[in-house]
Structure formats: structure tokens, C-alpha cells
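Please read it alongside the sequence and the model.

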Amino acid sequence: MMEERLQDEPENYKLGVDIAKLYVEMKDFERAFEYYEWVREENKVPDSNIDKAFADACEARFNHRIEQLPSGSEEREALAKERDEFLLQNCRDRVDRYPTMPEIRYELGERLFHAGEANEAIQAFQRAQNSPKHKLESLNYLGQCFMRRGLHDMALSQFEKALTEKGVFDEQKKELVYNLGNVCSELGRHEDAAAHFKSIYEVDIGFRDVAEKVEGGYPAGG
């Protein structure tokens, strides 16, 4: 067993985390956090993977508790708010601890975006886009942040920049083209917007409300 192996390898902190993750999957959070606390106390070397695993476990525990509460109840909404605030602060702390890691800045940007903090999210995504792995999604989020700020010309630039690097019409490209269509609509470029929505319609009629947007531009029965 992994736990027995850990007895023989007391400095194998990765194994300790792996055991904790298994307990999280089993929803035995008490045991999971016993292992996480042990790892965090014993391991004196900063490790972003351990810190991320701990954050994920906290999120899983929050989600499990939230699922036990009645849908729409004040208690459920309050706990969801507590979860989001905790995870946002946790992510800020990890950015401070590992300032050169773009994946943590990208995660921070996502959490800030969903918290409605567009200005701070912009800063995070501007840093995260320096990583090839996170560049396109960072540009996509930057465009959406600029749209929230009413900076539609700047949003347009982000979506177009991202699309220059996309070939296959996958889910990511559909998302970018859809957002580009929306910003064109905001800028009064309705023909361009229609063309973008039609390009998605041709490959995936079920994507969001693209069918409604495209078919709404044709005469009834056309």
C-alpha cells in the first residue's frame, strides 16, 4: 500500500500528496488534509505543485459541502461566496510565492474575471500571455475584459491577434470567433459580425445562440 510505502520513505512528499489526492477522490477530507498538513509542515522547500494540490483539495471540500445544501438556499450561496473568496486569495498568495510562473497568473486572471475584477484580471492575463501554453486563452480573456470595460477596439485587437495563430476550427476557435462577432456587433460592423457567426454556424449549429443570431438575419421561411 502507498501508506505503508510512505512509512519507508518519510521524505517522499510527492507520495504523501498522491495519498491525499486519493482521499479527496474518496471524499474523506479529514484524512486528506491530515496528509496535506503533514507535507506542508515537513517539506521546507517551496513546491508549486504541492500548493496547487492543496488548493484543489480545498475547492473539492467546499464543493462537497455546497452540494449538501439545498439549491438556491442562502446557506449555499454564502458558502459558494466564501469558497470563491478563499480560492481567489489562495491564488494571489501563490502568485506572490511563485512570481515567475505564468500558469498561476493565468489561474488568477480567471478567478478575477469571474469575480468581476476586470482591471486586475487584465494585468494577470497580460503577464500570462508570455507563456506559449497560455497565450491564446489569455488573449481571449483579455478581449472579454476589454469588452466589459467598453474598450471594444482593444477587444477586437485581442481576438484578431489570437485568431492569427489558430488553424483548426476547434472549440477554442469557435469561442474566439464568437467573441469577435459580438465585438463587431458592438462596433456597428454588422456585416462582419454576421460573417463570423455564419462561419461557426456552418460547422456547429448548436454552438451557444449562433443559430438564433444567424437565422434571425434571414426572412421567415428563408
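Throughout this report, a residue is called buried when its relative accessible area is under 20%, exposed when over 50%, and partly exposed in between, as computed with a 1.4 Å probe on protein chains only. The model is predicted, and for that reason local features need pLDDT of at least 70 and side-chain atom pairs count only at pLDDT 80 or more, whereas totals for chains, interfaces and linings use all residues. Residues are numbered from 1 along each chain as its sequence is written, and side-chain values use heavy atoms, with hydrogens and water left out.

**Salt bridges**

A salt bridge is taken here as a side-chain nitrogen of Lys or Arg within 4 Å of a carboxyl oxygen of Asp or Glu, and the structure holds 17 of them. Side chains of opposite charge can pair when their charged atoms come close.

| Pair | Closest N to O |
|---|---|
| Arg83 and Asp84 | 3.0 Å |
| Arg208 and Glu175 | 2.5 Å |

Helices, here and below, are DSSP runs of H or I with at least four residues, while strands are runs of E with at least two, and both are numbered from the N terminus. Lys14 and Asp18 are four residues apart in helix 2 (residues 13-25), so about one helical turn separates them. Lys14 is exposed, at a relative accessible area of 59%, whereas Asp18 is partly exposed, at 25%.

The bridge between Arg208 and Glu175 links distant parts of the chain, with Arg208 in the loop between helix 11 and helix 12 and Glu175 in helix 10, 33 residues apart. Which of these two partners is buried and which is partly exposed? Glu175 is buried, with a relative accessible area of 16%, and Arg208 is partly exposed, with 49%. Elsewhere, salt bridges that share partners join Lys52, Asp56, Glu59, Arg94, Glu107 and Arg111 into one network.

**Helix 5 against helix 6**

With axes taken as lines fitted to C-alpha atoms, for helices over the stretch in contact, and with angles running from 0 to 180 degrees between N-to-C directions, the axes of helix 5 and helix 6 come within 9 Å and cross at roughly 150°. Angles under 35 degrees count as roughly parallel, over 145 as roughly antiparallel, 65 to 115 as roughly perpendicular and the rest as oblique, and helix 5 is therefore roughly antiparallel to helix 6. Contact meaning heavy atoms within 4.5 Å, the residues of helix 5 that meet helix 6 are Leu87, Leu88, Cys91, Arg92, Arg94 and Val95, and on helix 6 they face Ile104, Arg105, Glu107, Leu108, Arg111 and Leu112.

**Nonpolar cores**

A nonpolar core is a set of buried Ala, Val, Leu, Ile, Met, Phe, Trp, Tyr and Cys residues joined through side-chain atoms within 4.5 Å. The largest such core has 36 residues, and those with the most contacts inside it are Phe125 and Leu180. Among the elements that give two or more residues to this core are helix 5 (74-97), helix 7 (118-128), helix 10 (171-186) and helix 12 (210-215). A second, separate core has 19 residues, including Tyr13, Ala20, Tyr23 and Ala32. Beyond residues up to four places away in sequence, Phe125 touches Tyr106, Gly109, Glu110, Phe113, Ser138, Tyr141, Leu142 and Cys145.

**Individual buried positions**

Helix 9 holds Leu163, which is buried at a relative accessible area of 16%. Neighbours within four places in sequence aside, Leu163 is in contact with Lys173, Leu176, Val177 and Leu180. Between Leu163 and Arg149, 14 residues apart in sequence, the C-alpha to C-alpha distance is 21 Å.

Gln158 also lies in helix 9 and counts as buried at 10% relative accessibility. The residues touched by Gln158, not counting those up to four places away in sequence, are Leu139, Leu142, Gly143 and Phe146. Gln158 and Tyr141 are 17 residues apart in sequence, with 8.7 Å between their C-alpha atoms.

Ser48, placed in helix 4 (residues 48-67), is buried with a relative accessible area of 15%. Again leaving aside neighbours within four places in sequence, Ser48 is in contact with Tyr98, Met101 and Ile104.
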